[in-house]
Every structure is written in C-alpha cells, then in structure tokens.
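Hi,

Here is the structure I promised to pass on to you. Have a look at it first, and then read my notes below.

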Amino acid sequence: MITKRIIPCLDVKNGRVVKGVNFLGLADVSSPVSLARFYSDNGADELVFYDITASAEGRALFTDILTETASKVFIPLTVGGGINTLEDFDRVLKCGADKVSVNSGAIKNPDLVLQAAKKYGDQCVVLSADIKRVEGEFRVFAKGGREDTGMEAISWIKRCVSNGAGEIVVNSIDTDGVKRGFDIEMLSAVCDAVSVPVIASGGAGCIEDFVTLFNELPKVDAGLAASIFHFGEVSIKDLKERLKGANINVRI
Amino acid sequence: MIAIIDYGVGNLFSLRSSFESIGADICVTSEPSVIASAERIILPGVGAFEDAARKLRESGLDKVIKDECAKGKPLLGICLGMQLLLERSFEYGEHEGLGLIKGSIRPISDVIDKNLKIPHIGWNALSFGEKKDELFKYINEGDFVYFVHSYYGAECEESVIATTEYSATLTAAVRNKNVCGVQFHPEKSERVGLSILKAFCEI
C-alpha cells in the first residue's frame with residue numbers, strides 16, 4: 001500500500017536555507033544542496049524547495065542550486081516561491097523540479113492553476129495555501145502569510161482542485177512555528193472537501209505530532225516540516241521508525 | 001551508449017542525471033541514426049497517451065523503436081513510456097500503442113477502491129512473484145519506488161515482472177524479451193531506482 005510521505009521543506013534565500021518562526025525572524029541554517037542530499041540519504045520521501053528571494057540575482061542563484069540538487073538527489077522535488085506565470089513553471093521544471101507549488105501567484109491569477117494543469121498535467125501543480133482563522137472562518141492569506149485575502153479557504157481550495165491542482169499543501173499560520181502539533185481541525189476540513197492528496201504543514205514540534213497527525217487523519221498523505229529537521233530536533237530515520245511502530249505505513 | 005528518446009514530452013533532466021550518476025554513457029536524442037547506433041534505448045514520457053503516441057508516429061520514431069527492438073536491442077519504457085509499449089490505451093477514447101507488449105492501458109479507477117485517491121501518487125512497494133527478473137537483481141521484494149499514474153497496464157499478465165498493491169494489484173513493470181517497461185519513476189526512486197537502471201544497463 002502507498003506510504004505516508006515525510007517531506008522536509010527548505011526555504012532558500014540568496015542560496016542559503018532559512019526558516020522563519022511564524023514567518024518572521026529568519027535564521028540561516030545550511031547549504032541547500034548538502035542539506036537535500038543529507039535528507040535524501042536519511043529517508044526523506046520528497047523535498048520542497050521554497051524560493052523566498054526577491055531579487056533577480058537571487059533568483060538566478062536559486063535556479064543554479066536547483067539544477068545542482070536535481071543532478072545529485074533522486075527523489076521528487078517540488079519547487080515554490082515566486083511562481084506567477086507559465087514561464088515560471090517552465091523555468092523551474094527545466095532545472096529538474098517535478099512539481100511546482102503555487103500560492104500568491106494563483107491568488108493573483110486564478111487561471112494559472114488551470115493553464116499549468118493543462119500544459120504540464122494535474123500531478124505537476126501543487127496548490128499551497130497559507131490559512132488562518134479570522135472571525136470564525138478559515139481565511140486564505142497571501143504574500144507569505146502577511147495579507148488577508150478575505151477568501152474563505154475551503155471554497156478556494158475546492159476551486160483550485162476543480163481547475164486541476166493535483167495536491168494541496170495546507171499551511172496553518174495559526175500553528176506554524178508554535179511546535180505544538182499540526183492543525184488537525186483545519187486539515188480535517190480540507191480532507192473532507194477534496195479527493196486529491198493533502199500535505200500537512202505548520203506546527204510539527206516533535207515525532208509524536210506526526211503520529212497524532214496520521215492516526216487522527218488517515219486521509220492526510222504527507223507531513224511537511226522545516227526547522228525541526230534542519231536543527232536536528234527530529235531525525236527522519238527516528239521519525240519513520242516510530243511511525244512504523246505505530247502501524248503507520250512508511251518507506252524505510 | 002544509451003539513447004534517451006526526446007520526442008517532446010516531459011523533462012528529461014532528472015532522467016539524464018540519474019544515468020550519469022551511475023556512470024552510464026548517455027545521450028538525449030531524437031535522431032534516428034543516433035538511436036540506431038545506441039546499445040540501449042530509453043523511452044520516457046509524461047502526460048497524455050494520445051498526444052505522446054501521435055508525436056512518436058509523426059516523428060517516425062515509432063518505426064525506429066520497433067526496428068531496433070526487433071533487432072534485440074534492450075529498451076526501457078518509463079511511466080507513460082511503459083504504457084506506450086502496450087497495444088492500446090483507453091485513456092480518453094481508444095488509442096493505438098507500439099504493440100511491443102501484449103495488453104491494454106486502462107484507468108485505475110476501474111479496479112481500486114472508490115475512496116482511494118487518484119492518481120496513485122507516492123512510494124509503494126514492489127512484488128516480484130515467483131521468479132525475480134534480472135532487472136531487479138540489486139533490489140529486494142518489498143523495496144519502495146515512486147509512482148505517479150492514473151492508468152495501468154491490464155491484460156498483460158504474461159509480461160508482468162513486478163506488481164504493487166493499491167487496494168488492487170497493479171502492474172508495476174513488464175518485460176517481453178529485450179523490451180522492458182516500468183510504471184514507476186526509477187529516476188525519482190533513490191537508491192532502489194538507480195539500482196534498477198544499473199541492472200538495465202547490464203541486460
């Protein structure tokens with residue numbers, strides 16, 4: 001049977017990996033290429049590279065790093081950050097990305113998901129949604145979680161899935177960086193609404209948070225995290241052993 | 001030299017890199033003479049069957065592939081490249097394949113539980129049955145590989161060399177003499193995938 005996926009996320013700025021706490025206070029961690037190789041060797045099922053660079057020079061540096069990673073690391077690679085047009089899809093796919101994650105780009109231009117899915121296939125298009133509770137509803141945020149779009153999250157996700165988004169990354173702003181576990185309530189609402197794979201993001205602080213995630217929400221396909229892996233608080237090997245011990249199907 | 005056939009579907013960067021990482025002499029080409037001079041052929045592919053089959057026909061590469069396979073040259077089809085080896089596909093209509101392997105491509109929704117997600121995406125385990133093919137000589141029963149597909153090889157029992165479980169038993173790999181195909185992505189399946197590519201280079 002298909003296994004639950006464990007996905008480290010690498011936020012890359014000017015060629016280095018960073019991770020924000022609640023998206024603020026960035027701290028330098030390590031080299032993206034060596035970190036990607038390390039994770040792949042230690043059982044990561046997939047990697048997400050998130051480009052948080054704003055400048056053109058930084059962007060060029062990012063594609064160099066992506067190319068180098070894709071020539072050395074042989075697990076699926078998803079790339080996000082600054083994806084606003086089909087040309088952006090093309091740029092990162094040529095450098096070896098397998099899937100492309102859209103967030104603010106899809107909010108600005110909802111047709112982007114449709115166009116990209118037509119051109120590259122549904123399996124290539126990942127919708128990443130930053131979601132926060134506002135006035136009793138789940139609200140979609142743009143620009144790295146800084147801007148309330150006013151859109152209700154579940155209907156937004158359903159709309160993107162019907163346009164061809166093949167996977168959804170649900171990033172809870174409410175739990176991100178807090179390290180007290182994934183946002184089960186929010187994830188449950190998304191899982192009930194769509195039939196494409198759902199990737200949980202935001203809130204993992206320890207191994208047990210992943211056990212809770214997959215036990216309480218068997219429909220969740222993958223758990224994504226950054227800092228707990230980067231800072232060595234959780235090793236992917238230990239995590240997978242523990243999941244296996246809890247009868248959760250993983251690749252070891 | 002191994003020729004990866006470039007017929008305008010999908011990105012071949014990772015595939016090329018994976019062969020380079022195992023030290024293979026690799027060439028990405030659409031040139032019939034280069035394909036004819038290669039020792040082995042890789043037929044990649046992502047996207048829709050109909051579009052890919054048409055591109056192979058229009059470029060004349062379908063004939064080149066059939067001629068080279070008839071000479072006994074080893075070929076490995078990957079993902080849609082595997083599906084194209086079969087006789088026909090029922091993906092959005094009915095379309096003719098290369099017919100190098102007996103069988104049809106059908107939607108996995110025909111056979112899997114209704115509550116399971118489509119595509120079948122992620123890492124799943126391989127089973128080899130009674131006799132393990134030499135393509136898998138470096139790996140073990142139960143090793144995991146990475147799948148992304150919504151259609152599968154059906155009515156091809158006599159060529160199946162590996163399967164995977166997704167509430168139903170799905171074709172994971174096929175072989176008819178020198179013609180091999182894998183539904184999964186060896187170039188995205190880490191050590192296990194690279195070992196399969198290495199074994200193919202030794203067929």
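What follows is a short tour of what turned up, going from the whole chain down to single residues.

One thing to keep in mind from the start: this is a predicted model.

**Chain A as a whole**

Let's begin with chain A, which has 10 helices and 12 strands. Its radius of gyration is 17 Å, close to the 18 Å that the globule rule gives for 252 residues, so chain A is as compact as a globular protein of that length.

**Two helix pairs in chain A**

How do helix 3 and helix 5 of chain A pack? Helix 3 covers residues 86–94 and helix 5 covers residues 111–120; the angle between them is about 45°, and their axes are 10 Å apart. The crossing of helix 3 of chain A past helix 5 of chain A is right-handed. On the helix 3 side, Leu86(A), Phe89(A) and Leu93(A) do the touching, and they meet Gln115(A), Ala116(A), Lys119(A) and Tyr120(A) of helix 5. Sorted by class, this contact has 5 nonpolar, 1 polar and 1 charged residues.

Now try the other pair, helix 8 (residues 207–216) and helix 10 (residues 236–245) of chain A: their axes come within 10 Å and cross at roughly 40°. That makes helix 8 of chain A oblique to helix 10 of chain A. Here, too, you'll find a right-handed crossing, with helix 8 of chain A passing helix 10 of chain A. Which residues meet between helix 8 and helix 10 of chain A? From helix 8 come Ile207(A), Phe210(A), Val211(A) and Phe214(A), and from helix 10 come Asp238(A), Leu239(A), Arg242(A) and Leu243(A). The contact of helix 8 with helix 10 divides into 6 nonpolar, no polar and 2 charged residues.

Go back to helix 3 of chain A, where you'll find Val92(A). Is Val92(A) buried or exposed? A residue counts as buried with 20 or more other C-beta atoms within 10 Å; Val92(A) has 27 such neighbours, so it counts as buried. Leaving out residues up to four places away in sequence, Val92(A) touches Leu66(A), Val79(A), Ala97(A) and Val100(A). Ala36(A) is 56 residues from Val92(A) in sequence, and their C-alpha atoms are 17 Å apart in space.

**Where the chains touch**

Next, the meeting of chain A and chain B. How many residues does each chain bring to the contact? Chain A gives 22 residues and chain B gives 24 residues. The side of chain A that touches chain B is made up of 9 nonpolar, 7 polar and 6 charged residues.

Asn14(A) sits in the loop between strand 1 (5–13) and strand 2 (16–21) of chain A. It has 14 C-beta neighbours inside 10 Å, so Asn14(A) counts as partly exposed.

In chain B, Lys177(B) also isn't a glycine, and its phi is positive at about 55°. You'll find Lys177(B) in the loop between strand 12 (168–176) and strand 13 (179–182) of chain B. Lys177(B) is exposed, with 11 other C-beta atoms within 10 Å.

Then there is a cis peptide bond between Ile118(B) and Pro119(B), with omega about 5°. Pro119(B) belongs to the loop between strand 7 (101–107) and strand 8 (120–125) of chain B.

**One last stop: Glu94(B)**

Glu94(B) is in the loop between strand 5 (86–89) and strand 6 (95–96) of chain B. With 11 C-beta neighbours inside 10 Å, Glu94(B) counts as exposed. Glu50(B) is 44 residues from Glu94(B) in sequence, but the two are 8.5 Å apart in space, C-alpha to C-alpha.

Cheers

Conventions. Residues are numbered from 1 along each chain as its sequence is written. Chains are lettered from A and ligands numbered from 1 in the order in which they are written. This is a predicted model: local features need pLDDT of at least 70, side-chain atom pairs count only at pLDDT 80 or more; totals for chains, interfaces and linings use all residues. Axes are lines fitted to C-alpha atoms, for helices over the stretch in contact, and angles run from 0 to 180 degrees between N-to-C directions. Helices (H or I, at least four residues) and strands (E, at least two) are DSSP runs, numbered from the N terminus. A crossing is left-handed if the near helix is turned anticlockwise from the far one by less than a right angle, and right-handed if clockwise. Two residues are in contact if their C-beta atoms, placed from the backbone, lie within 7 Å. Ala, Val, Leu, Ile, Met, Phe, Trp, Tyr, Cys and Pro count as nonpolar, Asp, Glu, Lys and Arg as charged, and the others, Gly among them, as polar. The radius of gyration is taken over C-alpha atoms; the globule rule is 2.2 Å times the number of residues to the power 0.38. A residue is buried if 20 or more other C-beta atoms lie within 10 Å of its own, exposed if 12 or fewer, and partly exposed in between; C-beta atoms are placed from the backbone. Angles under 35 degrees count as roughly parallel, over 145 as roughly antiparallel, 65 to 115 as roughly perpendicular and the rest as oblique.
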